Amino acid sequence: MKKILTIIALVATLFTTTTSCEDFLTEEVRGQQNLDSYFAGIEEAEAYITGCYEALTCSGWWQINTVWLLSEMCSDDAWMGNTTQSQSDYISLAHYQGNGASNGPISNFWQYRYKGILRCNVGIERIAELEVEDTELRDRFVAEARFLRAFYYFDLVRNFGGLPLVTGFLMPDEIQGITRSSTEEVYAFIEEDLKAAAEILPQRSEYSVNDMGRATRGAALGLLGKVYLYQEKWQEAHDVLKTVIDEGEYDLLPEFGQVWDVNYDNSIESLFEVQYIYHSTLALGGSLATVTGARNGPGDGWSWCQPTANLEAAYIEAGDTERLRWTIIKAGCTEIAGEDQFQTFIENNSTVNNAQELIEQYGWDENCYIIDPGQHKSARVIRKYFLPLADRPEVYNTDKSPLNHRILRFADVLLMYAEACNELNNDADARTALNRIRGRVHLPDVTVSGNELRHAIRNERRLELAFEQNRLYDIRRWTDDNGKKMICNILGPNGSFVQWNLNEETRDPLEWANQGESSDKGSTFQEDRDMVFPIPLYEVTMSNGSIEQNPGWN
């Protein structure tokens, strides 16, 4: 799969890009593909499906990745982080200010997710019509497009709620007047796509090395399990996730530190991930290593999306030193997990103007790594996206990271299965799945049952899956002991996260010292507004009101 990514630049804009002609008054436009003539055979179909995969991130940092990070900022796991530049688009939503309908990141996200859906719609319709000898390969390409379309709709519905369902290649006049389908209808459509894809897609073990990274049966079933889980269809989730486990295609990697290691891309733990490959000129690499990296560290990061001290405290409270070191890099540390050239980071402290003063103020070791608290809200960065110096390419900046982005992995499957089992009063199987996860990081087995086990599973998801685009959606969907959704108890003026950050006894000194981003994040959360993001205002306006805004948003 990575080998064919080099043709993305040629196929990604297949039906939207034109080239100049000698005389535009008399010549036909050259370089423009025609839908009726493009799909001549299986090679064209394969190239087109590559463009459908490219829509996972649209080969950039601003189309999709920004909202993936924004989802973390809107939870108790992350701050916006960058306090040296204005980041009002992120702050408006991450701090629940209620004025995000014109927000740039979510507008881009909506637009480019629907562009991905359009690509998949075209592929599903046109490739299915091909008369070729290799009908098995043709049908697999259609199944891949259906999997991707399901994922794109899932990424939208969990952020915005009900959506306009566009299920075919439609012209603008055919879209006019379209309305939002209900959340239930959108999920039903996603389920249909995933079940159909799972019937045709090969197992991971049936793909050749060159095709590694394509959608598999396991990926379709695993995502279907998550879709069921989000709707509290516990039995359906249990059954499909058990199928993934029982078919034996996936397993946990031996060490947690291997999970986000570039040398373990497409590992046995991975059901699906965004494929990246370094290229010095083409924008084929990932961007999150740079976007979330420290501003004063080697590589000149942007410091967006920084781990909270509250998340760090959750690891400490659980005695989870292993996952803590592979999830968070903190100012004052004397090592970075997996970094063999730590001395370079110490030498880089010279770029921090008041380095010696900070060492004395916080009692840090003289040979520590300083993430400048004056530029970083929490003076912490995400270790999962971090690339050790030895793994960084010659050109290391935006869109140049070779680290694949993990979308769905086996640990998530096990934790979802444990959750479904617990909800079905099958606590024995829930504990077995949960303790497989805990055993890898040398934590003792959980022995509790019922509601205590439910809380243990939820906490494990936070610790295991931090910064993998799960936390916000988990706390939105989970019902707490008082009958409210968990996010309503975490955020709001009396929310546990808000009070933890404002209370002098619990607030973190590094975070409190930097009020470039206010420590009262989440205090203005409103339950009747903030369970979903606003529909981008331009979509409401351009639809002449047929697409209705979410409640509470102007």
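How many of the nine residues of helix α4 are buried? Nine of nine. Helix α4 covers residues 65-73 and is mostly covered. The buried residues are N65, T66, V67, W68, L69, L70, S71, E72 and M73. One caution before I go on: this is a predicted model.

Next, helix α7 and R158. Helix α7 runs over residues 135-160, and R158 sits in it. Is R158 buried or exposed? R158 has 9% relative accessibility, so it counts as buried, since the cut-off is under 20%. What does its side chain meet? The side chain of R158 makes a polar contact with the side chain of D155, at 3.3 Å. Now leave aside the neighbours within four places in sequence. R158 is then in contact with Y187, Y230, Q469, Y473 and R476.

Y230 takes us to helix α10, residues 217-230. Helices α7 and α10 pack at an angle of about 25 degrees, and their axes are 11 Å apart. Under 35 degrees counts as roughly parallel, so α7 and α10 are roughly parallel to each other. The crossing of α7 past α10 is left-handed. Who meets whom? From α7 we have F147, F151, F154 and R158. From α10 we have A219, A220, L223, K226, V227 and Y230. By class, that contact has eight nonpolar residues, no polar ones and two charged ones.

On the α11 side, the contact residues are W234, A237, H238, L241, K242, V244 and I245. On the α17 side, they are F410, V413, L414, M416, Y417, E419, A420, C421 and E423. Sorted by class, the contact of α11 with α17 has twelve nonpolar, one polar and three charged residues.

Last stop: a loop residue. Where is L387? L387 lies in the loop between β5 (380-382) and β6 (405-409). At 2% relative accessibility, L387 counts as buried. Which residues does L387 touch, not counting those up to four places away in sequence? They are V262, R392, Y396, S401, P402 and L403. One distance to finish. L387 and L93 are 294 residues apart along the chain, and their C-alpha atoms are separated by 29 Å.

Methods. Residues are numbered from 1 along each chain as its sequence is written. This is a predicted model: local features need pLDDT of at least 70, side-chain atom pairs count only at pLDDT 80 or more; totals for chains, interfaces and linings use all residues. Side-chain values use heavy atoms; hydrogens and water are left out. Contact means heavy atoms within 4.5 Å. Helices (H or I, at least four residues) and strands (E, at least two) are DSSP runs, numbered from the N terminus. Ala, Val, Leu, Ile, Met, Phe, Trp, Tyr, Cys and Pro count as nonpolar, Asp, Glu, Lys and Arg as charged, and the others, Gly among them, as polar. Buried means under 20% relative accessible area, exposed over 50%, partly exposed in between (1.4 Å probe, protein chains only). A polar contact is a pair of N or O atoms within 3.5 Å; within protein, one must be able to donate a hydrogen and the other to accept it, and residues adjacent in sequence count only if both atoms are side-chain atoms. Axes are lines fitted to C-alpha atoms, for helices over the stretch in contact, and angles run from 0 to 180 degrees between N-to-C directions. Angles under 35 degrees count as roughly parallel, over 145 as roughly antiparallel, 65 to 115 as roughly perpendicular and the rest as oblique. A crossing is left-handed if the near helix is turned anticlockwise from the far one by less than a right angle, and right-handed if clockwise.
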